[in-house]
Amino acid sequence: MNSTPTNLIDFLVNQANGVKGLADLNLPSVPPQYTQPLQARLDPTKIVPQESIPIIDFSNWDDPDVQDSIFDAATKWGFFQVVNHEIPFKVVDDLKAAVHSFFELPAEEKKCLKENSPPEVVRLATSFSPHAESVLEWKDYLQLVYASEEKIRAYWPAICRDQALEYMKHAEALIRKLLKVLLKKLNVKELDKEREQTLMGAMILAFNYYPACPDPEVVAGVGPHSDISSITVLLQDDIGGLYVRGSDGDSWIYVPPVEGALVINIGDVLQIMSNGRYKSIEHRVVANRSKTRISLPIFVNPPPDTVIGPLSEVLENGDEPKYKQVLYSDYFKYFFSKPHDGKKTIEFAMI
Ligand SMILES: COc1cc(/C=C/C(=O)SCCNC(=O)CCNC(=O)[C@H](O)C(C)(C)COP(=O)(O)OP(=O)(O)OC[C@H]2O[C@@H](n3cnc4c(N)ncnc43)[C@H](O)[C@@H]2OP(=O)(O)O)ccc1O
Ligand SMILES: O=C(O)CCC(=O)C(=O)O
Ligand SMILES: [Fe+2]
């Protein structure tokens, strides 16, 4: 029978086996390094099955009701799903297949990729921040920074490069449309080049890979956190596992996979820029006992050297600023310096 590798971090990180390599050992239970303390596990009694986040149909984009629904969802829920968003099914399906092909590569090839990838373009990792976590998360991920075409050609892995690039080209148009509406509702007349750069100047496509897990109740796929993006555009497969915090701050709401849908959520950057009008809601992922799940978030971020703070337009009516001006690289370095910890990262920017 297989047993847990003696030096687990070396096996996971240095040898690039990841949690996929661990799951492939078919261990009867997860190693203790993955066992979350009781209070950190999702309590099934806290799930409210009768609640759900809105699903918005983008077919009639020019209808003011559609734009009102986006505003309502961003202020009340911070999360919504969109259907009929015009990204072709084939582009999405080809990308999902390429993600599986990538993670099924032998560990040797992944190790070689890790060793030869500059982290500002490609980052292959496991868990969240293993150097900062006392309990690991049951997830591997590949981050592809939407950099120049030259860097993409040089460094994105060939096995998924064309599919990822095609998807990003389509998604970019959707992201611009969403940001335009979200800003218009904050009295920002125009998404000019400078504002566009602030909100979406550094985009990252991540491939999250959650292998089937013998003890899904005790591990975290991803622990409770809010995203540090402006917005996140998430493509999930049909397995399910994502939960968002209910408005009472205590319950959890399941986000069911919907055929052809993308999940959109407001990140901390837009919560800060909107002075709290838009909500960056806590969410978490539960692993699956029998099936591997993938999800593909696009983290739509400001460039690292951007200063973020409440927009002048949202303070025009005399509202007091709730957040200070912070350098985005300070913000995300703080995020990565500790384990996922719910909504606590935003305290870094609070006045
Ligand atoms: C919720 O779960 C998540 C969320 C995310 C979120 C992803 C983002 O949106 S990150 C936004 C930041 N922008 C980038 O990552 C752009 C690409 N990266 C870079 O250009 C550089 O890495 C840098 C961000 C400018 C930082 O460079 P540097 O100052 O040299 O610092 P590093 O040595 O690279 O980082 C130190 C340490 O922090 C961790 N870390 C930094 N960036 C990331 C990252 N993007 N993803 C994961 N971890 C990061 C990491 O532990 C670094 O140590 P290493 O020894 O591993 O390099 C992502 C994942 C989730 O699960
Ligand atoms: O896998 C998911 O559904 C969500 C992942 C997530 O929250 C993240 O990567 O930030
Ligand atoms: Fe997230």
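This is a predicted model: local features need pLDDT of at least 70, side-chain atom pairs count only at pLDDT 80 or more; totals for chains, interfaces and linings use all residues.
Let me begin with a convention: two strands are taken to pair if DSSP finds at least two bridges between them, and the helices (H or I, at least four residues) and strands (E, at least two) are themselves DSSP runs, numbered from the N terminus. Residues are numbered from 1 along each chain as its sequence is written, chains are lettered from A and ligands numbered from 1 in the order in which they are written, and side-chain values use heavy atoms, with hydrogens and water left out.

I will start with the eight-stranded sheet. This is an open sheet with mixed pairing, and its order is β1-β2-β10-β7-β12-β5-β4-β3. At the edges stand β1 (55–57) and β3 (122–126), and because each has a single partner strand, one side of each is left without a neighbour in the sheet. On average, neighbouring strands here are turned by 25° against each other, direction ignored; axes are lines fitted to C-alpha atoms, for helices over the stretch in contact, and angles run from 0 to 180 degrees between N-to-C directions.

Helix α7 (residues 161–184) packs on this sheet, where it touches β2 (79–83), β4 (140–145), β5, β7 (231–236), β10 (262–266) and β12, and its direction makes about 120° with that of β5; contact here means heavy atoms within 4.5 Å. As for the pairing of β5 (residues 202–210) with β12 (residues 293–301), the two strands run antiparallel and are joined by seven bridges, and tyrosine 210 has arginine 293 as its bridge partner in β12.

The other sheet is an open one of four strands, ordered β6-β11-β8-β9, with antiparallel pairing. Its edges are β6 (222–225) and β9 (252–254), each with a single partner strand, so one side of each is left without a neighbour in the sheet. Neighbouring strands are turned by 20° against each other on average, again ignoring direction. Two bridges link β6 to β11 (residues 283–285), with valine 222 partnered by valine 285. Strand β8 (residues 242–245) pairs with β11 over three bridges, tyrosine 243 having arginine 284 as its partner. Three bridges also hold for β8 and β9, where arginine 245 stands opposite tryptophan 252. The hairpin of β8 and β9 has six residues between the strands, and in it glycine 249 takes a positive phi near 80°.

Now, where is empty space left? Rolling a probe the size of a water molecule over the atoms shows this. On a 1 Å grid over the protein atoms alone, a cavity is a set of points where a 1.4 Å probe fits but cannot get out, a pocket is an open set with protein on both sides within 12 Å along at least five of seven lines, and lining residues have an atom within 4 Å of a point. Grid points are joined across faces, edges and corners, and a volume is the space filled by probe spheres set on the points.

The second largest pocket holds about 520 Å³. It is lined by 23 residues, of which Gln36, Gln39, Ala40, Pro224 and Arg284 are the closest to its centre. The search of the whole structure finds one cavity of 30 Å³ or more, and the largest cavity has a volume of about 50 Å³. Among the residues that line this cavity are His85, Phe89, Leu235 and Leu262.
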